[in-house]
Amino acid sequence: MAIFLTIIGHNERYRMVKRRFQHSTETIHRYFREVLRAIMKFAKEVIRPTSFEDTHNTSERQRNLRRIFPGAIGALDGTLIHAIVPVDQQAGYRGRGRGECYQNVLGICDFNMLFTYVWTGTVIEGGDEDAFSPTSGFPFPPRDKYYLCDAAYANTRGFMTPYRNTRYWLADFRRQRALTKQEKFNHAHAQLRNVIERAYGVLKARFPILKQMAPYPFRIQRNVAIACFAVHNFIRRCNIHDQLFMDFDNDPMFIAEGQEEIEGGDEDDMDGRPYGTQTMNTWLIYVSKLRIS
C-alpha cells in the first residue's frame, strides 16, 4: 500500500520507488498492480450516492445556499486529466495550449465534496455523451431532485443550469454585486455549484500524477484516476484531519486550477468505467486482501 500511495501521491517512477523501498522493479510493478486491482474493487463501494439530506462537513453558509435550491443533491461537471495516448489515437484527446493529451472525466459530487459518480477515459470533444447513455449506469436523480450544472449542459429535468448571457462565474461578482434577479440567482447557483470545483482542486493537489500521468497503458491510466477518486472519498468519509480539505473548505471563491480553461496482461479484469452504485465496507477488509495469492 505504501508503494502504491507513493506512486500516485508523489508521482514517483518505478526507478525512484525501487531505491526508496529497496525492492526490484519487478516487485514494485507487481505490488502496484495488486493494490490497484484491490482499490478498483473498493472504488465500486466508496464512490456511491449519499443521503440527500446529509449535511455532514458542510458549513452554515452552504446550508443557507441549499435552502435556495432545496432539490439540489449535488454538482456535476467535467475535468481533464493528463494522459499518454498512442500517436494514432491522439486527435480526440488533444487539449488546448501546448497540445498535450487528456482524458475527459465527468464527475458528480455531493455538498460534502464526496464524489458519487465518476466516468473516465473519454475523448475531450463529445466524451460526456457516453456518460449519459443507457448502459453507463448514470444515476439520474428522482423527479423532485436535480444536479447543479454550468451553462455547458442543457437545462432539463434533473439538471439545473444558470441563466445564459448573464454574469455567472464567481470572479464576475468580485467587483460588483449581483443586481438583477437573474444575476442573484446565478450568483447563488455558482457559489453552491463551486463545491465540485473545490473537490477537483483537492483531488489534483493531492495526486500530482493526475497532472502528469506516467506512461502506463491507457486502461491503467483510467484505473489510476479512479483509484485517486476512491482514496479522496475514503479520506473524506472517515473524517481524517486533512489540511487540503480544510484549505479548500475555507476558500469558497476557489476555482480549480485549469477549470476556467477547460470547457497488456492482467489489466483485462480492471475496468475504469463508472463507479457509484454500491455500498461501502471498511477499508481494512481490502487492505487485508491486497496480497492475493
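Me: Which helices do the buried residues of helix 1 pack against?
Reply: The model is a predicted one. Helix 1 covers residues 2–10, and its buried residues are I3, F4, T6, I7 and I8. These buried residues pack against helix 2 (14–21), helix 3 (25–46) and helix 7.

Me: Which residue just after helix 1 takes a positive phi?
Reply: Helix 1 is the run of residues 2–10. Just after helix 1, a positive phi of about 55° is taken by N11.

Me: Helix 7 lies across which strands?
Reply: Helix 7 is formed by residues 218–237 and runs at about 165° to strand 3. An angle over 145 degrees counts as roughly antiparallel. The strands that helix 7 lies across are strand 1, strand 2 (102–109) and strand 3.

Me: What is the order of the strands in the open sheet?
Reply: The sheet has five strands with mixed pairing. Its edge strands, each pairing on one side only, are strand 3 (115–122) and strand 5 (159–160). The order is 3-2-1-4-5.

Me: Do strand 1 and strand 2 run parallel or antiparallel?
Reply: Eight bridges join strand 1 to strand 2. In this pairing I81 stands opposite Q103 in strand 2. The two strands run antiparallel.

Me: How many residues of strand 1 are buried?
Reply: A residue counts as buried when its relative accessible area is under 20%. Strand 1 is mostly covered. The number of buried residues is 11 of 11.

Me: Why are helix 4 and helix 6 oblique to each other?
Reply: Helix 4 (residues 60–68) and helix 6 (residues 181–206) pack with their axes 9 Å apart. Angles under 35 degrees count as roughly parallel, over 145 as roughly antiparallel and 65 to 115 as roughly perpendicular, the rest being oblique. The two helices are therefore oblique, as their packing angle is about 125°.

Me: Is the crossing of helix 4 and helix 6 left-handed or right-handed? How do the residues of the contact divide?
Reply: The crossing is left-handed. Helix 4 contributes R61, Q62, L65, R66 and I68 to the contact, and helix 6 contributes A188, Q191, L192, V195 and R198. These residues divide into five nonpolar, two polar and three charged.

Definitions and conventions:
Residues numbered from 1 in each chain as written. Predicted model: local features only at pLDDT ≥ 70, side-chain atom pairs only at ≥ 80, totals over all residues. Heavy atoms only, no water. Pairing = 2+ DSSP bridges. Helix = DSSP H or I, 4+ residues; strand = E, 2+ residues; numbered from the N terminus. Contact = heavy atoms within 4.5 Å. Axes fitted to C-alpha atoms, helices over the stretch in contact; angles between N-to-C directions. Buried < 20%, exposed > 50% of the residue type's maximum accessible area, 1.4 Å probe, protein only. Left-handed = near helix turned anticlockwise from the far one by under 90°. Nonpolar A, V, L, I, M, F, W, Y, C, P; charged D, E, K, R; others polar.
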